[in-house]
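The following exercises are to be worked through with the model in view. Each task is followed by a solution in steps.

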Amino acid sequence: MTTFKPRETLTEQVARHIENLIAFGQLRSGERIYESAMAKQMDVSHGSIREGLLLLEKRHLVRNVPRKGAFVTELDDYFVRSLYEILELYLTHTGRKLARQWQPADMDKLESLYQQMRANFERNDLMRFLELGIEYTQASLAYADNYFIVSAIDDLWPSAKRCAFVAFQNGGNRVLEDNLVHMEESIQAIKDRDEDRLATILKRYAEQQCRQVLEALASHQARRGA
């Protein structure tokens, strides 16, 4: 018997499109999003755009300001530090459970995703690399067993993807190589069921990514001020 899978709603499709415009820098930090222009561009109603923007506010990519409109959330030091601080807490907590309880099928999936990411790195396919990175982290959350953690991380991923792209624009392939090293170290720690080592790796990685994004923002501000 085939499992029923509902199609993505129009609101979700609209939100996904605008999410990618923000994540990949086509809509800039602090920029106003004009509903009428976006509705025309996407050939959908104003209501669909409005609903999509409300969904993106929940995902921390948009601020809806009464009587002023919708604006891309400012990507500043405070936002970036807050994001990586909470991601570190969630991922290290969940990582400990994974290290204790993983099954062979889990390891097969993680290693397969790692190999796919390496292949896309070698092909210079950044978009697919980032998508697989999200899949990898979602797979590692299999043992979270906590509704609030899983729900919160789902809402944080778009901002994490946005930050990853900002870091890549500034640091290039070095940032992607750091991702692969982190994954390789994490997989070995999981295999060894060494939860303390895994927690240390995850903490170090969150701090490293945070630093890379902050460096990228500082570099961008310096270019604008020049």
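**Exercise 1.** Determine which side chain forms a polar contact with that of E19, and describe the surroundings of E19.

*Solution.* 
Step 1. The side chains of E19 and K161 are joined by a polar contact of 3.2 Å. A polar contact is a pair of N or O atoms within 3.5 Å; within protein, one must be able to donate a hydrogen and the other to accept it, and residues adjacent in sequence count only if both atoms are side-chain atoms.
Step 2. This is a predicted model, in which local features need pLDDT of at least 70 and side-chain atom pairs count only at pLDDT 80 or more, while totals for chains, interfaces and linings use all residues. Residues are numbered from 1 along each chain as its sequence is written, and side-chain values use heavy atoms, with hydrogens and water left out.
Step 3. E19 lies in helix 1, residues 10-23. Helices (H or I, at least four residues) and strands (E, at least two) are DSSP runs, numbered from the N terminus.
Step 4. Leaving aside residues up to four places away in sequence, E19 touches L56, R59, L61, P158 and K161; contact means heavy atoms within 4.5 Å.
Step 5. E19 counts as buried because its relative accessibility is 2%. Buried means under 20% relative accessible area, exposed over 50%, and partly exposed in between (1.4 Å probe, protein chains only).

**Exercise 2.** Is R67 buried or exposed, and where is D43 found?

*Solution.* 
Step 1. R67 belongs to the loop between strand 2 (62-65) and strand 3 (69-72). Its phi is near 65°, a positive value in a residue other than glycine.
Step 2. With 85% relative accessibility, R67 counts as exposed.
Step 3. D43 is found in the loop between helix 2 (35-42) and helix 3 (46-58). The phi of D43 is near 60°, also positive in a residue other than glycine.
Step 4. D43 counts as exposed because its relative accessibility is 69%.

**Exercise 3.** How many disulfides does the structure hold?

*Solution.* 
Step 1. The number is 0, where a disulfide is a pair of cysteine sulfur atoms within 2.5 Å.
Step 2. For C163, the nearest cysteine sulfur is that of C210, 8.3 Å away.
Step 3. C163 counts as buried at 0% relative accessibility, and C210 counts as buried at 10%.
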